[in-house]
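Let's take a walk through the open spaces of this protein. Have the sequence and the 3D view ready as you read.

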Amino acid sequence: MRPLPEESTAVVGEGFRRTTRARNKTMRAERGRGFWRLGTSTVLYVMVVGGMADYVDPQVRVIAHLAFWLLIGVGLGLTVARERRHDWAPRPRWPWLLAALGGAVTAEVLILAVGSPAIIVGSIVLLVLGAFFLMLVG
């Protein structure tokens, strides 16, 4: 009878273990693709301000416009700061101005043209279509 081999204390795969730490690779920040959030925010703003127009004082709408312009300005400032921080080429600035002025003008024109109840119904239809599209795409 042969003697039993001595049990080895080596762990399977021990020879493949790293002895030096792996290099840390810096992940480059990716730039967003387009102005979807800006456009969506503007459309939602028009829906809310247009829908509340008949039920609040005009001063509230003025405050809402000023708050919207302030938020658009903050968003633009954050975008510019991010471009500088990551050394990206500057993007066009006109969509921000268009969203700020276009959103306010569109809301006021819709209020004068069709009224608040029609804006509410149109907003509901638009939101249902948007939800249906998102469910289709996944």
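Which residues lie nearest the centre of the largest pocket? They are Arg37, Leu38, Gly75, Thr79 and Trp96, and the lining has 20 residues. Please keep in mind that this is a predicted model, where local features need pLDDT of at least 70, side-chain atom pairs count only at pLDDT 80 or more, and totals for chains, interfaces and linings use all residues. Residues are numbered from 1 along each chain as its sequence is written, and side-chain values use heavy atoms, without hydrogens and water.

A pocket here is an open set of points on a 1 Å grid over the protein atoms alone, where a 1.4 Å probe fits, with protein on both sides within 12 Å along at least five of seven lines; lining residues have an atom within 4 Å of a point. The largest pocket has a volume of about 540 Å³ (the space filled by probe spheres set on the points, which are joined across faces, edges and corners). Helix H1 (36-52) and helix H2 (58-85) are the elements that give two or more residues to its lining, helices being DSSP runs of H or I with at least four residues, numbered from the N terminus. H2 provides the largest share, eight residues.

Now turn to the second largest pocket, with about 300 Å³ of space. Its lining includes Thr40, Val43, Leu44 and Met47, along with Leu126, Gly130 and Phe133. H1 and helix H4 (116-137) each supply at least two lining residues, and H4 gives the most, with eight.
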